[in-house]
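Hi,

Here is the structure I promised to pass on. Have a look at it first, then read my notes below.

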2 protein chains.
Amino acid sequence: MDIDDLATRILAGERRALARAITLVESGRADHRSEAIALFEKLKGHGREALRIGLSGTPGVGKSTFIESFGMMLTGQGLKVAVLAVDPSSARSGGSILGDKTRMERLSRDPNAFIRPSPSQSHLGGVARRTREAIDLCEAAGFDVVLIETVGVGQSETVVAEMSDLFLLLLAPAGGDELQGVKRGIMEMADIILVNKADGDLKTTATRTCADYAGALRLLRKRPQDPQGFPKAMTVSALEENGLQTAWDEMQSLTDWRRETSHFASRRAAQARFWFEAELKQALLARLEREPMKGLVRSLGHCVEEGIKTPSQAADEVLAQLEGRNMPVA
Amino acid sequence: MDIDDLATRILAGERRALARAITLVESGRADHRSEAIALFEKLKGHGREALRIGLSGTPGVGKSTFIESFGMMLTGQGLKVAVLAVDPSSARSGGSILGDKTRMERLSRDPNAFIRPSPSQSHLGGVARRTREAIDLCEAAGFDVVLIETVGVGQSETVVAEMSDLFLLLLAPAGGDELQGVKRGIMEMADIILVNKADGDLKTTATRTCADYAGALRLLRKRPQDPQGFPKAMTVSALEENGLQTAWDEMQSLTDWRRETSHFASRRAAQARFWFEAELKQALLARLEREPMKGLVRSLGHCVEEGIKTPSQAADEVLAQLEGRNMPVA
């Protein structure tokens with residue numbers, strides 16, 4: 001692969017080059033990894049920065065409709081919009097929440113939009129790196145907004161929040177005054193809660209639900225990265241395309257404030273450090289899954305099970321093996 | 001330290017030698033660690049096996065009173081009883097749940113009992129290894145029963161359950177029919193739930209609470225390591241020393257069944273493997289906290305924060321450093 005040419009074409013905003021580069025970073029092959037590293041070396045210092053918006057919402061809240069309406073509004077204003085997905089379930093199901101582009105038919109045909117299905121990966125760690133790198137590639141390709149979509153499953157919201165500048169929680173109108181069992185931890189990550197389906201029969205319910213969430217948000221501890229009035233809850237109707245501009249205005253005013261107070265930059269720095277450490281730990285532990293360590297761990301595991309060695313003795317033996325070949329014992 | 005002599009005296013059941021050996025395994029010093037490893041080498045193959053009983057209960061349920069009454073009953077039957085503790089809070093408070101032996105005044109004076117406060121350690125991983133090694137030492141010293149006490153905080157129950165043959169949950173009588181907010185995960189670990197304080201005014205409440213827990217236990221998925229009727233809930237009064245013999249009979253019958261069906265041995269084997277892998281991972285990650293890696297991680301962390309390197313590039317660099325000195329890249 002001609003990495004120089006690929007880099008040039010990405011910087012020129014060519015969608016096919018971008019798609020090809022994302023496929024490259026998604027690959028597990030060692031030679032592809034080397035090419036990906038070389039590509040990022042070429043792209044370094046392009047100086048472009050997209051607004052990274054994380055979006056979580058369980059199936060049924062109208063996430064695709066929201067992304068389509070919101071995305072079309074942004075492209076209509078001349079902005080370039082990329083949509084990526086983190087879907088921890090895709091590895092199991094073989095499917096993907098964005099695999100079916102017909103879900104966002106208009107947006108997927110829009111020349112200023114780029115939609116990429118979530119990669120099928122066996123673990124969230126792998127998905128996380130590939131998504132972060134796909135975000136970087138979208139920035140290099142000159143996209144203004146990168147939407148990172150996830151479903152409300154397990155740890156995926158935390159992963160997406162750790163790679164976003166803004167985190168949106170899309171919720172449906174709820175019956176009664178219960179808060180739909182939204183976990184406190186998820187609520188604490190949200191910058192803006194959007195209660196969707198504020199249209200037709202559900203409009204009143206949506207308004208009441210929004211007030212409930214607004215009340216719940218006020219009970220949360222104040223975060224230093226929030227100006228007065230944030231986090232906030234708002235109603236939208238993705239179907240009728242209502243409230244989308246107001247929501248976007250709020251996102252921009254929040255972002256402007258964070259840029260001015262340098263919270264924007266410091267959050268990105270903290271996120272980069274977080275991913276550096278997470279990746280390092282994961283890679284270190286992965287050595288135990290590769291030969292020759294894998295075989296040693298397996299055979300010592302049997303010794304431990306049979307009581308021939310204590311767990312500590314066996315652990316020390318693996319470490320001695322690693323350190324003996326490697327580095328002086330500290 | 002004369003390790004040969006120490007081993008001989010532990011095998012002779014000398015309490016002072018046992019206490020000294022536990023202090024040795026609790027030490028963080030490298031020379032102490034070498035001596036501890038040498039000690040376990042000497043003790044290997046003593047062939048003694050205690051019944052390891054994990055016991056969890058939040059403050060106020062009468063845990064000390066239970067341990068004292070239950071322990072005195074066992075020593076009265078000629079059994080030797082050791083009491084250890086896993087207390088994740090002791091590192092923070094500087095105190096310890098068993099630090100004050102006056103809590104168990106009679107038991108602590110009993111020549112057939114040995115009570116050891118929980119070590120003050122900064123993390124549960126360290127506490128876990130030291131507690132497991134203390135259990136091994138108690139077994140070598142000929143104790144018949146080792147009680148491992150913990151408070152219901154965070155991960156400590158899981159840690160204790162992973163080093164016990166039996167896991168007891170001590171609970172107080174509850175008002176109403178709510179189950180005191182006992183987490184499902186904790187409930188699933190229990191072999192026997194003991195509702196304490198079945199005496200005086202609380203007797204009726206205790207009986208009803210016990211029935212509630214029995215109902216809740218029946219709803220759990222059947223585990224292969226349980227005979228008919230287990231896990232079960234029972235009432236006891238540690239204060240009036242009622243129900244303790246019945247509880248002990250149930251523990252013995254459960255243990256007998258597990259021994260006959262080889263679940264006892266296979267559980268110990270699985271636990272040993274669990275701790276081997278846990279310790280190995282922890283030790284591997286600890287290398288990042290030591291020089292020269294610590295300094296490299298720190299400086300690369302700054303590069304990542306400033307955007308000079310991507311998280312993946314920086315992680316690869318640390319790994320290359322580790323592997324370059326160490327082992328051929330797999």
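Before going on, some ground rules. This is a predicted model, where local features need pLDDT of at least 70 and side-chain atom pairs count only at pLDDT 80 or more, while totals for chains, interfaces and linings use all residues. Residues are numbered from 1 along each chain as its sequence is written, chains are lettered from A and ligands numbered from 1 in the order in which they are written, and side-chain values use heavy atoms, with hydrogens and water left out.

**The strand in chain B**

Back to β4(B), which covers residues 145-150. Six of its six residues are buried, so the strand is largely enclosed by the rest of the structure. Strands (E, at least two residues) and helices (H or I, at least four) are DSSP runs, numbered from the N terminus. Two strands pair if DSSP finds at least two bridges between them. β4(B) pairs in the parallel sense with β1 (residues 51-56) of chain B over six bridges, and B:I53 has B:L147 as its bridge partner. With β2 (residues 81-86) of chain B, β4(B) also has six bridges in the parallel sense; there, B:V86 stands opposite B:T150.

**Where the chains meet**

Now the interface. Contact (heavy atoms within 4.5 Å) links 45 residues of chain A with 44 residues of chain B. The buried area is the accessible area (1.4 Å probe) that two parts lose on being put together, summed over both. Between chain A and chain B that comes to about 4,300 Å², with carbon and sulfur atoms giving 65%.

There are two salt bridges between the chains, a salt bridge being a side-chain nitrogen of Lys or Arg within 4 Å of a carboxyl oxygen of Asp or Glu. One of them joins A:R273 and B:E305, whose closest N and O atoms are 2.8 Å apart. On the side of chain A that touches chain B, the elements giving two or more residues are α3 (30-43), α7 (124-140), α12, α13 and α14 (311-326) of chain A. The largest share, 12 residues, comes from α14(A).

Finally, a few spots in the loops to click on:

- A:F230 and A:P231 are joined by a cis peptide bond, with omega about -5°. A:P231 sits in the loop between α10 (203-218) and β7 (232-235) of chain A.
- A:E291 to A:P292 is also a cis peptide bond, with omega near 5°. You'll find A:P292 in the loop between α12 (263-286) and α13 (293-305) of chain A.
- A:E241 isn't a glycine, yet its phi is positive, near 55°. This residue is in the loop between β7 and α11 (244-260) of chain A, and is partly exposed at 44% relative accessible area.
- B:S262 isn't a glycine either, and its phi is about 65°. Look for B:S262 in the loop between α11 (244-260) and α12 (263-286) of chain B; its relative accessible area is 44%, which makes it partly exposed.

Happy exploring!

Terms used:
Buried < 20%, exposed > 50% of the residue type's maximum accessible area, 1.4 Å probe, protein only.
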